[in-house]
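Subject: Structure handover

Hello,

The structure we spoke about follows below. My notes on it come after.

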Amino acid sequence: MLAQRNPQAAYNRVAFDARISGAKPEELVAMCYEQLVSALGSALIAADRGDNRMKSTGLTRAVSALTALQLGVSGEEGVADALRQFYAAARRAVLDSVLNFDARVLASVRQDFIDISRATAGGTA
């Protein structure tokens, strides 16, 4: 499988897998946020450039990050319920942009996750 990827992609995958294997739950959430912000940024840049392949890849990565976030929420009340609703709304926005790309909506979703990342990291994200 690695033979089909370029060396940089293989290195990036190994580095990411290493980060995941030793991560605490809050670090995994931070990584998902990081991946989501990056993926949405890539999709937005790709749309500006007219690169549909890169845009599709970015949107797919964003959906994957949001799915992981949704699956990682535990509990049924309070913050857990609010997080599920927030992640579901973000996921819907990304999926809607697969067929009808809306850069403004995606930029807003991206900024929401940047803001949350900064707030939960004490302003260092």
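A definition to start with: patches are made of residues with over 30% relative accessible area and no salt bridge, where like charges are joined within 9 Å and nonpolar side chains (Val, Leu, Ile, Met, Phe, Trp, Tyr) within 5 Å. A salt bridge here is a side-chain nitrogen of Lys or Arg within 4 Å of a carboxyl oxygen of Asp or Glu. Accessible areas come from the Shrake-Rupley method with a 1.4 Å probe, and for residues only the protein chains shown count as cover.

Under that definition, Leu95, Val98 and Leu99 form a nonpolar surface patch with about 320 Å² of accessible area together.

On provenance: this is a predicted model, in which local features need pLDDT of at least 70 and side-chain atom pairs count only at pLDDT 80 or more, while totals for chains, interfaces and linings use all residues. Residues are numbered from 1 along each chain as its sequence is written, and side-chain values use heavy atoms, with hydrogens and water left out.

Overall picture

The protein has five helices and zero strands, in the order α-α-α-α-α from the N terminus. Helices (H or I, at least four residues) and strands (E, at least two) are DSSP runs, numbered from the N terminus. Of the 125 residues, 26% are buried. Buried means under 20% relative accessible area, exposed over 50%, and partly exposed in between (1.4 Å probe, protein chains only). The protein exposes about 8,200 Å², and carbon and sulfur atoms supply 54% of that. Among contacts (heavy atoms within 4.5 Å) with a separation of 6 or more, 51% are between residues 24 or more positions apart.

Val98 counts as partly exposed because its relative accessibility is 47%.

Helix 5

Helix 5 (residues 103–120) has 18 residues, which at 1.5 Å a residue should span 26 Å; the end C-alpha atoms are 26 Å apart, in agreement. The expected span is 1.5 Å times one less than the number of residues. Leu106, Val109, Phe113, Ile114 and Ser117 are buried in helix 5. Seen down the axis, the buried residues of helix 5 fall within an arc of 140°, so they line one face of the helix; the arc is that of the directions from the helix axis to the C-beta atoms. What do these buried residues pack against? Their partners are helix 2 (25–49), helix 3 (52–72) and helix 4. The face of helix 5 turned away from the buried side carries the exposed residues Arg104 and Ala119.

Arg110 is in helix 5 and is partly exposed at 26% relative accessibility. Leaving aside neighbours within four places in sequence, Arg110 is in contact with Val37, Leu40, Gly41 and Leu44. Not counting residues up to four places away in sequence, Ile116 touches Tyr33 and Phe86. Ile116 and Tyr33 are 83 residues apart in sequence and 8.8 Å apart C-alpha to C-alpha.

Helix 2

The 25 residues of helix 2 should span 36 Å at 1.5 Å a residue, and the end C-alpha atoms are 36 Å apart, which agrees. Buried residues in helix 2 include Tyr33, Val37, Leu40, Gly41 and Leu44. Ala47 is in helix 2 and is partly exposed, with a relative accessible area of 29%. Ala47 touches Lys55 and Phe101, not counting residues up to four places away in sequence. The C-alpha atoms of Ala47 and Ala103, 56 residues apart along the chain, are separated by 8.0 Å. Just after helix 2, Gly50 takes a positive phi of about 75°.

Salt bridge

Side chains of opposite charge can pair when their charged atoms come close. The structure holds one salt bridge, in which the side chains of Arg84 and Glu76 meet at 3.9 Å, N to O. Arg84 is partly exposed at 24% relative accessibility, whereas Glu76 is exposed at 64%.

Regards
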